[in-house]
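Trainee: Please take a close look at the aromatic rings in this model. How do they pair, and what packs around them?

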Amino acid sequence: MTRNIKLTVAYDGTDFNGWQRQEHKKKTERTVQGDIENALKKIHGKQVNLTGSGRTDSGVHAVGQIANFYTDMENIPAERFTQALNSYLTHDVRILNSCLADNNFHSRFSAKSRLYRYQFTCSSSGYSSALPHENRYNLHLYRTPRLDLLNAYGRLLLGETDCALFACAKDSSLLNGRSSNRYIYRAYFYFEKDKLIFEICANSFLRNMVRSVAGTFLHYEEIETPPQKMREIIASGKRSLAGTTLPAHGLFLWHVEY
């Protein structure tokens with residue numbers, strides 16, 4: 001009997017070349033999918049394909065990535081795959097939970113929304129006061145931005161929005177003629193103690209979109225661009241008007257809703 005196993009996965013993306021297994025890349029380039037599939041192969045004695053809810057880029061982290069695979073092994077209860085897989089995985093990728101899923105469950109196509117979180121540390125001085133380990137997972141801003149202006153920009157994205165402004169030139173989905181429209185449920189900034197957090201939740205995302213949205217909003221907030229002008233910039237869809245695409249190390253795939 002074949003069973004569909006659902007995994008909740010967390011990883012530090014620093015040393016990974018993204019989530020997706022890269023067949024054409026050098027074998028020395030690690031991917032999260034590749035590492036977990038190697039662990040599955042050791043357990044099953046054969047290749048087992050793993051599907052993820054989203055293809056996080058190189059350097060991006062996750063605390064709530066969802067994946068699934070089909071197993072024909074009957075002697076391992078679904079919940080025991082957590083321990084079995086972790087015994088073969090390195091410290092920078094962990095299975096948080098494993099459970100039995102409906103045979104029709106697909107970690108990518110069954111997902112209703114995905115929540116990403118970008119983290120910052122802020123200081124008005126000319127140097128970072130963050131602890132060394134915090135620099136690995138947060139981008140440092142040498143100022144404290146205006147939340148009211150950033151969140152006014154965020155509200156402009158809500159609902160179905162053409163996100164062409166934030167598209168990556170190498171986004172294969174757009175090169176194949178697909179729509180750049182996405183349905184965005186929320187996009188807001190807030191402080192969590194001394195840390196600035198940007199959270200954005202949507203049905204799906206363009207490649208590098210979260211990092212581009214955050215970088216664009218911070219750019220225009222710094223020069224105090226009015227929300228109405230920001231609305232015009234978004235509507236233009238001109239990639240040349242977007243701000244910097246922020247580094248990957250501050251970004252986390254936080255939660256996937258089904």
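Mentor: F166 is buried, with a relative accessible area of 0%. F217 is buried too, also at 0%. Buried means under 20% relative accessible area, exposed over 50%, and partly exposed in between, with a 1.4 Å probe and protein chains only.

The model is predicted: local features need pLDDT of at least 70, side-chain atom pairs count only at pLDDT 80 or more, and totals for chains, interfaces and linings use all residues. Residues are numbered from 1 along each chain as its sequence is written, and side-chain values use heavy atoms, leaving out hydrogens and water.

Now the ring pairs. Rings of Phe, Tyr and Trp (its six-membered ring) pair if their centres lie within 6.5 Å; planes under 30 degrees apart are stacked, over 60 edge-to-face, the rest tilted. That gives twelve aromatic pairs. Y137 and F252 are tilted, because their planes stand at 45°, with centres 6.3 Å apart. This pair bridges 115 residues: Y137 sits in the loop between β5 (113-122) and β6 (139-141), F252 in strand β10 (residues 251-257). Helices (H or I, at least four residues) and strands (E, at least two) are DSSP runs, numbered from the N terminus. Y137 is partly exposed at 24%. F252 is buried at 10%.

F166 and F217 pair edge-to-face, with 6.3 Å between centres and 85° between planes. F166 is in the loop between β7 (159-162) and α4 (172-175) and F217 in helix α5 (residues 209-222), so the pair ties together parts 51 residues apart in sequence.

Back to the other site. Ring pairs join Y137, F252 and W254 into a cluster. R117 lies over the face of W254, 4.3 Å from the ring centre. The rule: NZ of Lys or CZ of Arg within 6 Å of the ring centre and within 35 degrees of the ring normal.

Next, the core around F217. A nonpolar core is a set of buried Ala, Val, Leu, Ile, Met, Phe, Trp, Tyr and Cys residues joined through side-chain atoms within 4.5 Å. The largest has 70 residues, and I36, F120, F198 and F217 touch the most other members. α5 gives the most to this core: seven residues.

Beyond its neighbours within four places in sequence, F217 is in contact (heavy atoms within 4.5 Å) with residues including F166, F189, M230 and I234. T216, F217 and Y220 in α5 meet M230, I233 and I234 in α6.
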